[in-house]
Amino acid sequence: MRILLSGGAGFIGSHTYVELINAGHEAVIVDNLYNASDRVFQRLEAITGKPVVFCNADVADKAALSEVFQKYSFDAVIHFAGYKAVGESVVKPLEYYRNNLDTTLTLCECMREYGVKRIVFSSSATVYGMIETMPLVETMTSAGCTNPYGWTKYMNERILLDAAQAMPDWSIALLRYFNPIGAHESGTIGEDPVGIPNNLMPYITQVASGKLDHLSVFGDDYNTHDGTGVRDYIHVVDLAKGHVAACEYLMEHQGAEIINLGTGVGYSVLDLVNAFQRVNNIELPYVIVDRRPGDIATCYADPAKAKELLGWQAEKTLDDMCRDAWRWQSQNPNGYRD
Ligand code: WQD
């Protein structure tokens with residue numbers, strides 16, 4: 001297969017690129033580097049031993065994207081490109097709706113014009129909203145998103161589901177990620193947030209490296225086993241392999257499917273902190289503070305559909321996630337800016 005990876009220079013995209021090449025496929029990365037570094041390409045070439053095909057373009061730019069579709073014939077598209085900071089989306093909703101919807105609509109228009117009928121979309125468990133029943137199953141109706149970022153994921157799913165209705169020969173996989181963490185075992189590619197990390201694991205690794213003073217644990221009064229928030233952490237390499245499995249599934253099946261990509265196991269903030277300390281033999285200073293507004297107590301997946309449909313399941317452990325995340329951070333204290 002030859003796959004177009006929109007936003008393929010980012011955290012999930014770069015890891016998916018590696019797994020596609022490892023599986024014997026070809027990939028073309030289309031990215032405007034808004035939230036990624038071009039230094040990732042030399043790392044990808046070192047890991048795969050092959051030159052990276054990269055097109056520097058904004059996926060929402062119809063003319064630029066058309067040139068890519070004219071130049072290459074694609075079997076499928078994996079659509080990662082989009083803004084992804086929950087807090088930022090609350091402050092800049094217009095930019096989030098404009099960018100995250102335009103990229104999807106422009107991509108689908110190019111696909112239709114050039115006869116590409118398969119797309120894997122990077123969705124998120126955030127589309128479930130504040131559902132309290134666990135585990136989360138794909139057939140559940142969203143309780144409503146809690147931020148503009150989540151709504152853009154929800155709306156993009158709606159766009160693609162309606163496209164599948166109108167074009168029954170299209171094949172569409174909407175992958176709902178839970179909490180991707182960790183890094184490739186080489187330690188040469190990983191999560192590289194700009195500024196102070198919003199998410200737990202990159203914050204932990206920057207405390208461990210001394211870049212940040214201590215971790216603030218957002219609340220220990222939730223109805224969970226230790227009072228701190230519970231999430232379904234999934235190794236980014238497992239997540240990447242899920243995308244390869246989804247592409248291969250779409251080669252044989254038409255229609256649209258919503259699929260959870262999670263482990264099905266929930267771990268608390270303190271479970272993660274303790275595992276990180278144990279695995280890496282590093283003491284992590286933390287303080288308990290108030291809850292973060294908008295957070296839910298518990299969120300984890302029912303991963304059965306991915307196993308049944310794609311023959312995929314997460315294999316890496318929480319220890320693997322902690323070990324690999326630390327290797328990336330310790331080898332790249334300033335991410336790709338070193
Ligand atoms: C995890 C847990 C926090 C930071 C978000 C997005 C979601 C997806 C994944 C894109 C929670 C706690 C965190 C900190 C803490 N992103 N925490 N101190 O909120 O589950 O999901 O990222 O698709 O859409 O919403 O992830 O890593 O921010 O938080 O105590 O400094 O860690 O309260 O319980 P979250 P997170």
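Strand β8 (residues 215-218) contributes four residues to the shell around the ligand, the most that any element gives, where strands are DSSP runs of E with at least two residues and helices are runs of H or I with at least four, both numbered from the N terminus. This is a predicted model, in which local features need pLDDT of at least 70 and side-chain atom pairs count only at pLDDT 80 or more, whereas totals for chains, interfaces and linings use all residues. Residues are numbered from 1 along each chain as its sequence is written, and side-chain values use heavy atoms, with hydrogens and water left out.

**Ligand site**

- The ligand is surrounded by 18 residues, of which Tyr149, Leu200, Ser216, Arg231 and Asp295 are the closest; a residue is counted as near if one of its heavy atoms lies within 4 Å of the molecule.
- By class, the shell holds eight nonpolar, seven polar and three charged residues, with Ala, Val, Leu, Ile, Met, Phe, Trp, Tyr, Cys and Pro taken as nonpolar, Asp, Glu, Lys and Arg as charged, and the others, Gly among them, as polar.
- An N or O atom in the side chain of Asn179 is 3.0 Å from an oxygen atom of the ligand, while a backbone N or O atom of Phe218 is 2.9 Å from a ligand oxygen and a polar backbone atom of Asn198 is 3.5 Å from a ligand oxygen.
- Of the 680 Å² of accessible area that the ligand has on its own, the protein covers 88%, as computed by the Shrake-Rupley method with a 1.4 Å probe.

**Cysteines**

- The count of disulfides comes to zero, a disulfide being a pair of cysteine sulfur atoms within 2.5 Å.
- Cys247 is in no disulfide, and the nearest cysteine sulfur, that of Cys108, is 15 Å away; Cys247 is buried, with a relative accessible area of 0%, where buried means under 20%, exposed over 50% and partly exposed in between, with a 1.4 Å probe and protein chains only.
- Cys299 is likewise in no disulfide, with the nearest cysteine sulfur, that of Cys145, 12 Å away, and Cys299 is buried at a relative accessible area of 7%.

**A three-stranded sheet**

- An open sheet has the strand order β12-β9-β14 with mixed pairing, where two strands pair if DSSP finds at least two bridges between them.
- The edge strands, each pairing on one side only, are β12 (267-268) and β14 (298-299).
- Strand β9 (residues 230-231) runs parallel to β14 and is joined to β14 by two bridges, and Val230 has Thr298 as its bridge partner in β14.

**Thr205 in helix α7**

- Thr205 belongs to helix α7 (residues 200-208) and is buried, with a relative accessible area of 4%.
- The side chains of Thr205 and Gln329 are joined by a polar contact of 3.2 Å, a term for a pair of N or O atoms within 3.5 Å in which, within protein, one must be able to donate a hydrogen and the other to accept it, and residues adjacent in sequence count only if both atoms are side-chain atoms.
- A polar atom of the Thr205 side chain also lies 3.0 Å from the backbone oxygen of Pro202.

**Backbone details**

- Most residues other than glycine have a negative phi, and most peptide bonds are trans.
- Met134 and Pro135 are joined by a cis peptide bond, with omega about 0°, and Pro135 is placed in the loop between β5 (118-124) and α6 (148-166).
- Leu33, in the loop between β2 (26-31) and α2 (39-48), has a positive phi near 60°.
- Asn281 has a positive phi near 55°, lies in the loop between α9 (269-280) and β13 (286-289), and is exposed, with a relative accessible area of 72%.
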